[in-house]
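Subject: Handover of a structure

Dear colleague,

Please find below the structure that I am handing over to you. My notes on what was found in it follow directly after it.

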Amino acid sequence: MRSLRAGRLTYVVLALFTAGSLFPLVWTAIAASRSNTRLAQTPPPFWFGGNLGRNLQVAWTDAHMGTALLNTVIVAGTVAAGTVFFSTLAGFAFAKLRFRGSRPLLALVIGTMLIPPQLSVVPLYMLIAKLSWTDRLQAVILPTLVGAFGVFFMRQYLVHALPMELVEAARTDGASSLRVLWHVVFPAARPAMAVLGMLTFVMAWNDFFWPIVALTQNGSPTVQVALTGLGRGYIPDQSVIMAGALLGTLPLLLVFLVFGRQIVGGIMQGAVKG
Amino acid sequence: MWRSRRYRWDLRWSPYAFVAPFFLFFAAFGLFPLLYTGWAALHQVELTDPDSMTWVGLRNFTRLWDDEFFWNALRNTVTIGLLSTVPQLAIALGLAHLLNYRLRGSAFFRVAVLTPYATSVAAATLVFVLLFGRDYGMVNWALSAVGFGAVDWQNGTFASQLAVSTIVIWRWTGYNALIYLAAMQAVPGELYESAALDGASRFQQFLHVTVPSLRPTIFFTCVVSTIGATQLFGEPLLFNGGAGATGGSDHQFQTLGLYLYEQGWVNLHLGRASAIAWAMFLILLLIAGAARLLRGRKEDSR
């Protein structure tokens, strides 16, 4: 019944929203293809120019974008893989296994979501300074390797998606917990694991507050940290800054282009159950 | 015999092994720092030598109380928070309503409005700095094209806070719209049917069926957005155009998160930064308490 057909006005308004969502991204590309001088003129450019290659190259060398991108891939990839793996383990235990204290422990997991990251940043910094991890990638990987959101997300999914009979049948066959995990849980959880992996990858890729505290532009920066280093010259070259922003955003846009529907589905699923 | 013992042992302890990684990591990188922040807030600690701590008692807190920049940052956090959260959630609700119609290309629209979510704070802010430029920015160009004067988006207090809020709104509206959309699709159709039988227009249906059904979801997004707003950091840092963590020439858009960073990593006072962190936490608790009270009262009155 709710499937009222949309009128023409709906399409017009949605088209405007879409334009508003995409315009800053498109304009990043336009600005990145122009020169700094052209950006300092009115009216601003509305179409692509011929400077994209040069600007990308300057951004690539000046901000060491190649290294930064590689670092970010390593960080976001490891964090996503770790989060998915550990969250599936814990989510399975909370969803399907009976053990003493499981309820209060789950409440504790959810409770940790309410702790603002600022509250831990000073001691965390002192900790990594003590371990001489400043400027090393493990400083940004390890603190975010598991998260309450992932555990909760996997639990909610497995409660419905994994039939208890399947676990019990495997048990009757004498399968150990590890075998159950490998042959029953992981296959059943695969769709949710994929969605959680993508969401975590996006979040880790875009993380800013902790990386900028723990990493510098001279050490091993992530893309977000490297971006803040662009344009520190006397006359910042805006077109180069935009080229850097483009380099840092493009990989995720590609992920969105390919997996956009799944990511949308994942967010909506998490919303209903959460 | 050995086998069955191992089996029982496995049944009993595996659950703990499965949840252990989360708690180990949380203890090391969550709980320990959380408690230690309180301890560090009672000391003078400098970033240059974090190992030597001098006990100063509550001095970091009393100092904060007399610190005009702290109150300034708190004020800015509240105004920017309101300026970004209220329109964002209102727009998201309307957008979700539109997306809930039977649409051609609905998947396209959903992905398109979510795209800003894939953009980092850094990349987004850098673009908006250009768009909001005083002399050559596109926003001022468009304003003057329709007959308004140019606005100094970086130096005007309200203007700069509005500009910073715009970045937040841009990045998060689509995300919230999808959350509302998911909740809307769970609203039973009969509610709309009976409302239609009673002669309710589409807008009245939205107001009297959709919004009340979504109340828990709206509350949830309000909480999440408020928590996000109190932690605002990257946008005000980078909106300053590389001029540091002051949040504008006159601190006009310095938020609490940014002030914490400035005290800790620019002025090198880790103890004071810890005190700000605890102050932020207390403010969050106050908000949470107020929200609970408000919610409790509403439920009583029903």
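A residue is called buried here when its relative accessible area is under 20%, exposed when the value is over 50%, and partly exposed in between, with a 1.4 Å probe and protein chains only. By that rule A:S132, at 46% relative accessibility, counts as partly exposed.

Before the other findings, a word on the basis of these notes. This is a predicted model, in which local features need pLDDT of at least 70 and side-chain atom pairs count only at pLDDT 80 or more, while totals for chains, interfaces and linings use all residues. Residues are numbered from 1 along each chain as its sequence is written, chains are lettered from A and ligands numbered from 1 in the order in which they are written, and side-chain values use heavy atoms, with hydrogens and water left out.

Chain A as a whole

Chain A has 13 helices and zero strands; helices (H or I, at least four residues) and strands (E, at least two) are DSSP runs, numbered from the N terminus. The C-alpha atoms of the chain fill a box of roughly 75 × 60 × 30 Å along the principal axes. Of the 274 residues in chain A, 52% are buried. Its accessible surface is about 12500 Å², and 64% of that belongs to carbon and sulfur atoms; the areas come from the Shrake-Rupley method with a 1.4 Å probe, and for residues only the protein chains shown count as cover.

Contact means heavy atoms within 4.5 Å. Among the contacts in chain A between residues at least 6 apart in sequence, 71% join residues at least 24 apart.

As for charge, chain A carries 19 positive and 7 negative side chains, and the centres of the two sets lie 9 Å apart. Lys and Arg count as positive and Asp and Glu as negative, whereas His and the chain ends are not counted. Each charge is placed at NZ of Lys, CZ of Arg, CG of Asp or CD of Glu.

Annotated spans

According to an unreviewed UniProt entry, the annotation "transmembrane region" covers residues 68-93, 105-128, 140-159, 180-205 and 240-259 of chain A. UniProt positions are given in the numbering used here, feature names are shortened, and annotations may be inferred rather than shown by experiment. For residues 105-128 of chain A, the end C-alpha atoms lie 28 Å apart, and the span is 79% helix and 0% strand. For residues 140-159 of chain A, the end C-alpha atoms lie 32 Å apart, with 70% helix and 0% strand.

Two loop residues

A:S132 lies in the loop between α6 (118-130) and α7 (138-141) of chain A. This residue has a positive phi of about 55° although it is not a glycine. A:H64, likewise not a glycine, has a positive phi of about 50°. A:H64 is found in the loop between α3 (52-62) and α4 (65-96) of chain A, and is partly exposed with a relative accessible area of 48%.

Aromatic rings

Rings of Phe, Tyr and Trp (its six-membered ring) pair if their centres lie within 6.5 Å; planes under 30 degrees apart count as stacked, over 60 as edge-to-face and the rest as tilted. The structure holds 36 aromatic pairs over all chains. One of them, formed by A:F201 and A:W205, is tilted, at 5.8 Å centre to centre and 40° between the planes. Both residues lie in helix α10 (residues 177-206) of chain A, four residues apart, about one turn of the helix. A:W205 is buried, at 2% relative accessibility. Ring pairs also link A:F85, A:F86, A:W182, A:F186, B:F25 and B:F29 into a cluster.

Buried residues and their contacts

The contacts below leave aside neighbours within four places in sequence.

- A:T28 is in helix α1 (residues 8-32) of chain A and is buried at 6% relative accessibility. Its contacts are A:M242, A:A245, A:L246 and B:V127.
- B:F109 lies in helix α4 (residues 106-114) of chain B and is buried at 9% relative accessibility. Among its contacts are A:Y11, A:L14, A:A15 and A:T18, as well as B:L99.
- B:F70 is found in helix α3 (residues 68-99) of chain B and is buried at 6% relative accessibility. B:F70 touches B:L64, B:L256, B:Y259 and B:A279. The C-alpha atoms of B:F70 and B:I276, 206 residues apart along the chain, are separated by 8.2 Å.

With kind regards
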